[in-house]
Amino acid sequence: MLEITGETVKKENSTVTVEEAIELILNSIKPLSGEKVSILEADGRALYEDIVSNIDIPPLDNSAMDGYAVIAQDTKGASKENPIKLSVTGEIQAGGDYLDKIVKSGTAVRIMTGAPIPKGADAVIMVEYTSEESDIVSIFRDVKKGENIRLAGEDIRKDSVVLTKGERLKSADIGLLASLNYKSVMVYRSPDVAIISTGDEIAEIGEDISPGQIRNSNSYTLYSDLKRYNAIPHYLGIARDTFEETKEKFIQALKCDIILTTGGVSMGKYDFVKDVIADLGIEIMFSWIRMKPGRPCIFGTMGNKLFFGLPGNPVSTMISFVQFVRPAILRMMGAERIKKPVVSAILREDIRKKPDRTNFIRGIFTVEDGEFYVTTTGLQGSGILSSMSVANCLIIIPQGIASVDAGDRVSIQLIYHEELA
């Protein structure tokens, strides 16, 4: 039975669907506080407040081309065979003086791209359609009123909301902030995230490896993913298979906003993560998810701190991060868009699965004539990390479906694309 507390649906120590897991996680999160950072450090961060422009951009009507500022009516009927000649009365450079420059009928002012439009002019003829000699310019085609003029405020209007709270900043947004004279900006604080690998079977990079041991890859994939989402990773090392060492790592990790562990969450004799979180009073919201790979996955809270006990197999770790940890980080950072894009694709091969859970199958999509096509990466074992290296999407086969055939349409999640909703 589901226990509903406020907006949170809780399934303690039980199995949840993927959708229920995401709902539980997101409803457990309060965004972090704000902090002011240099715009040079703001890429990928979520705005803590709306950005309202205090100026028009551009501030003045200006030329979109190098050429001559003219009165459009003066160029009517101009052609290569019958050029119209105008007197050149001055020149305006970008950023140069312009207030004393006036265009009257029969005259033109030489003008550079970005320079303010002088009084009286209502068009700019491109230099390519002119020839100047002795301050007389020959015009070889007519121009329409407003042609090649960028109007004041056509990019941004004064008092308009330029960027909205919760928007993750991109390079173009950083440029907008600079154009509005922002040296720094208020963004949500990035969460500190502790990473702990567990198990005597794990060998650290550079250590001698014993028969039966494997290299620690999970901590490094998680570290990279966390940096991609502007979280601050803290790698605390490997907790060996004792209650005491596992608890010691957790106590260090409680300084952070989020704790991530890999391994030690199943039912094995030496899986101590559940014992430690129970001892520390971390409230478990769920411990199993109806998905493959990644079924054993614990989520819990302690006040505003989050705990994710991720499975130990490398692929399971990465897919669990994409589906659950990634949206938690984004919500904690105040981001409004947290969903990866999911598109329809035509499957190129048959897929068979058990219908009892949702499968996330590593895939490679291509686009041909505007249509998405997808194939699997091959073997789908949860220890085959190379499959994640070559994949550019996850093929989602929902719970309740046992088979799909080549030619069927399937949903694919674009795992390296920006969040859209």
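Predicted model: local features only at pLDDT ≥ 70, side-chain atom pairs only at ≥ 80, totals over all residues.
## Two helices side by side

Helix α3 covers residues 218-228 and helix α6 covers residues 314-332; they pack at an angle of about 30°, with their axes 11 Å apart. Angles under 35 degrees count as roughly parallel, so α3 and α6 are roughly parallel to each other. Their crossing is right-handed.

Which residues make the meeting? On the α3 side they are N218, T221, L222, D225 and L226. Facing them from α6 are P314, T317, M318, F321 and I329.

Is S316 buried or exposed? Its relative accessible area is 4%, and buried means under 20%, so S316 is buried. Setting aside the neighbours within four places in sequence, S316 is in contact with P293, G294, P311 and S382.

## The seven-stranded sheet

Now for the sheets. One of them is an open sheet of seven strands with mixed pairing, and its order reads β3-β21-β23-β24-β20-β16-β19. At the edges sit β3 (15-16) and β19 (232-239), each of which pairs on one side only. A helix joins the picture here: α1 (residues 18-27) packs on the sheet and touches β3, β21 (283-289), β23 and β24. The direction of α1 makes about 160° with that of β21.

Zoom in on β23 and β24 and you'll find two strands that run antiparallel. Strand β23 spans residues 296-302, strand β24 spans residues 305-310, and five bridges join them. A handy landmark on this pair is F299, which stands opposite F308 in β24.

## The six-stranded sheet

There's another open sheet to find, made of six strands in the order β10-β7-β9-β8-β12-β11, again with mixed pairing. Its edge strands are β10 and β11 (130-133), and each pairs on one side only. How much are neighbouring strands turned against each other? On average the turn is 40°, with direction ignored.

Strand β7 (residues 67-70) is joined to β10 by four bridges, and the two run antiparallel. One spot to look for is Y68, whose bridge partner in β10 is I125. Strand β10 itself (residues 123-126) sends A123 and I125 one way and V124 and M126 the other way. Whichever way they point, all of these residues are buried.

Further along the order, β8 (residues 84-92) and β12 (residues 136-139) pair in the antiparallel sense over four bridges. Here you can pick out S87, whose bridge partner in β12 is I136.

## Cysteines without a bond

Last stop: the cysteines. A disulfide is a covalent bond between the sulfur atoms of two cysteines. How many disulfides turn up in a search of the whole structure? The count is zero.

Take C256, which is in no disulfide. The nearest cysteine sulfur belongs to C297 and is 18 Å away, whereas a disulfide needs the two sulfur atoms within 2.5 Å. C256 has 7% relative accessibility, so this cysteine counts as buried. C393 has 0% relative accessibility, so C393 counts as buried too.

How values were computed
Residues numbered from 1 in each chain as written. Heavy atoms only, no water. Pairing = 2+ DSSP bridges. Contact = heavy atoms within 4.5 Å. Axes fitted to C-alpha atoms, helices over the stretch in contact; angles between N-to-C directions. Buried < 20%, exposed > 50% of the residue type's maximum accessible area, 1.4 Å probe, protein only. Parallel < 35°, antiparallel > 145°, perpendicular 65-115°, else oblique. Left-handed = near helix turned anticlockwise from the far one by under 90°.
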